[in-house]
Amino acid sequence: MSNFKKILPLEIDQNTFKMIGKKWMLITSEINGAINSMTASWGGFGVMWGKPVAFVVIRPQRYTKEFIDVSEKFSLTFFNEEYRKTLNYFGTVSGRDQDKISASGLTIAHEDQIPYFVEANTVIICKSLFRQDFSEQSFLNKETVNLWYPKKDFHTLYIAEIQSVFVK
């Protein structure tokens, strides 16, 4: 983390709607020495149970979900616009089928045994506190189900304590 400065979660001064929804992020986790990562553009930050938290949602077919379910730890990494093609690649190729981290040219490092990418401009280290699968019955607006879940492949919600934040 030599190129990074550690800050408190409340010192994140970027617009989180842009960070997540427009710029995207990589969610990365590790189990038994294997690392997998996926692009995400849904989620957020807030306070829950008196702790700074991140929340992310992951569909059941995503390989990264298996990693987070076992390790319960992950990083969220944010990049400059020059990495847009790389983020798109991570969102369209499965780590089950190929070693997309090696193919991407990104460099893995670890903080508290949690993998992150050196090329990122912001790294958020997280530990899961809660997870729950979405269910069709829980949606108050059924149009959301029709629009976003035609295959009924409902996301799992993860609420994770933000343990560390690093910025360049």
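Mentor: Asparagine 146 counts as partly exposed because its relative accessibility is 47%; buried means under 20% relative accessible area, exposed over 50%, and partly exposed in between, with a 1.4 Å probe and protein chains only. Asparagine 146 is found in helix 5 (residues 142–148), and helices (H or I, at least four residues) and strands (E, at least two) are DSSP runs numbered from the N terminus. Before we go on, this is a predicted model, in which local features need pLDDT of at least 70 and side-chain atom pairs count only at pLDDT 80 or more, while totals for chains, interfaces and linings use all residues. Residues are numbered from 1 along each chain as its sequence is written, and side-chain values use heavy atoms, with hydrogens and water left out.

Trainee: Which residues of helix 2 are buried?

Mentor: In helix 2 (residues 63–71) they are Thr64, Lys65, Phe67, Ile68 and Ser71. Viewed down the helix axis, these buried residues fall within an arc of 160 degrees, so they line one face of helix 2; the arc is that of the directions from the helix axis to the C-beta atoms. Their cover includes strand 2 (25–31), strand 5 (51–58) and strand 9 (122–133). Just after helix 2, glutamate 72 has a positive phi of about 65 degrees.

Trainee: Is threonine 28 buried or exposed?

Mentor: Threonine 28 counts as buried because its relative accessibility is 0%. Threonine 28 is found in strand 2, and its side chain makes a polar contact of 2.7 Å with the side chain of serine 37. A polar contact is a pair of N or O atoms within 3.5 Å; within protein, one must be able to donate a hydrogen and the other to accept it, and residues adjacent in sequence count only if both atoms are side-chain atoms.

Trainee: And which residues of the largest nonpolar core touch the most other members?

Mentor: Of its 22 residues, those are Ile27, Phe74, Leu76 and Ile124. A nonpolar core is a set of buried Ala, Val, Leu, Ile, Met, Phe, Trp, Tyr and Cys residues joined through side-chain atoms within 4.5 Å. Strand 10 gives the largest share of this core, five residues. Apart from this core lies another, of 16 residues, among them Phe4 and Leu106.

Trainee: What does phenylalanine 74 touch?

Mentor: Leaving out residues up to four places away in sequence, its partners include Ile27, Thr28, Val56, Ile68 and Ala160; contact means heavy atoms within 4.5 Å. Phenylalanine 74 lies in strand 6 and counts as buried, because its relative accessibility is 0%.

Trainee: Where is empty space left?

Mentor: Rolling a probe the size of a water molecule over the atoms shows that. On a 1 Å grid over the protein atoms alone, a cavity is a set of points where a 1.4 Å probe fits but cannot get out, and a pocket is an open set with protein on both sides within 12 Å along at least five of seven lines; lining residues have an atom within 4 Å of a point. The largest cavity is lined by Gln14, Met19, Lys23, Trp24, Phe78, Phe79 and Asn121. As for the largest pocket, helix 3 (84–92) gives the largest share of its lining, four residues.
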